[in-house]
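Hello,

Here is the structure I promised to pass on. My notes follow below it.

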Amino acid sequence: MASEEPVSSFGPCKKFHLGVAVLVRRDSDGKYLVVQEFCNQGFYLPAGIASPGETPEEATIREAKEEAGIDVELTGIIRIRYHPHPGIGDTMRLLVQYLGRPCSESDEVKSVPDFESIGATWATESELSTVRLRNGKELLELIEMSKDPDHVWPLAAFPISQLTGSDDRPGDEDTLSAFFALPDGAE
């Protein structure tokens, strides 16, 4: 009888992208940082793909600086998603969605368009319901989740800083499978 190789619950994966996003909330007024995307895509969180050798935390802080013009401090993890990357064949995407706050509440956000974004602004939850959002349902979901301390994990809860980004490296299925492995006896 031929032995069967174990199959990851994630299916075959030749490559993966390490995506990041950060929901930044300003404590002084409860406003959220949003970035205006190009091509009339609307507003979204500072987000992007980790560069080769970059940890998720480093990528998130870099994306916030590039797209919104401010330095942020990561305070927790709201959600981690692992799913097929839309439109890129056998590529999976690991997306880490962080909660953060500005390092300085007095810093001005980006107002001059460049390759990264048109600009950024601070908005209340009710203001966000009146503008065009990219992935609006997801953005509002993350805001709701961030309000409940049970939905925000401490940064140390997941060893994701061990994963580094690459746009085209072979998917490290063993690392990802071990990271998302269920405890013995769990289903």
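At 33% relative accessibility, Arg81 counts as partly exposed, where buried means under 20% relative accessible area, exposed over 50%, and partly exposed in between (1.4 Å probe, protein chains only). This is a predicted model, in which local features need pLDDT of at least 70 and side-chain atom pairs count only at pLDDT 80 or more, while totals for chains, interfaces and linings use all residues. Residues are numbered from 1 along each chain as its sequence is written, and side-chain values use heavy atoms, with hydrogens and water left out.

Arg81 forms a salt bridge with Glu138, with 2.8 Å between the closest N and O atoms. Arg81 lies in strand β5 and Glu138 in helix α3, so this pair ties together parts 57 residues apart in sequence. A salt bridge here is a side-chain nitrogen of Lys or Arg within 4 Å of a carboxyl oxygen of Asp or Glu. Helices (H or I, at least four residues) and strands (E, at least two) are DSSP runs, numbered from the N terminus.

Glu138 also forms a salt bridge with Arg79, where the closest N and O atoms are 3.7 Å apart. Arg79 is in strand β5 and Glu138 in helix α3, so here the linked parts are 59 residues apart in sequence. Arg79 is buried, at a relative accessible area of 16%, and Glu138 is buried as well, at 12%. Helix α3 covers residues 136–147. Apart from neighbours within four places in sequence, Glu138 is in contact (heavy atoms within 4.5 Å) with Tyr44, Arg79, Arg81, Leu95 and Gln97.

A further salt bridge joins the side chains of Glu73 and Arg101, at 3.1 Å from N to O. This pair links distant parts of the chain, 28 residues apart: Glu73 is in strand β5 (residues 72–84) and Arg101 in strand β6 (residues 91–102). Glu73 is partly exposed, with a relative accessible area of 35%, and Arg101 is partly exposed at 33%. The count of salt bridges by this rule comes to 12. Glu54, Arg62, Glu63 and Glu66 are linked in a network of them.

**Helix α1**

Helix α1 (residues 56–68) has 13 residues and reaches 18 Å from its first C-alpha to its last. That is close to the expected 18 Å, taken as 1.5 Å times one less than the number of residues. Its buried residues include Pro56, Ala59, Glu63 and Glu67. Seen down the axis of α1, the buried residues fall within an arc of 160° (from the directions of the helix axis to the C-beta atoms), so they line one face of the helix. Just after α1, Gly69 takes a positive phi of about 85°.

**After helix α3**

Asp150 is in the loop between α3 and α4 and is exposed, at 68% relative accessibility. Asp150 and Ile78 are 72 residues apart in sequence and 9.5 Å apart in space, C-alpha to C-alpha.

**Confidence**

The mean pLDDT of the chain is 78, and 71% of its residues reach 70 or more; pLDDT is the predictor's confidence in each residue, from 0 to 100. Confidence is highest in α1, at a mean of 94, and lowest in helix α4 (residues 173–179), at 47. Over residues 166–187 the pLDDT is below 50. It also stays under 50 over residues 1–10, for which the model has 8 contacts beyond four places in sequence. Where pLDDT is low, the predicted coordinates should not be read in detail.

Regards
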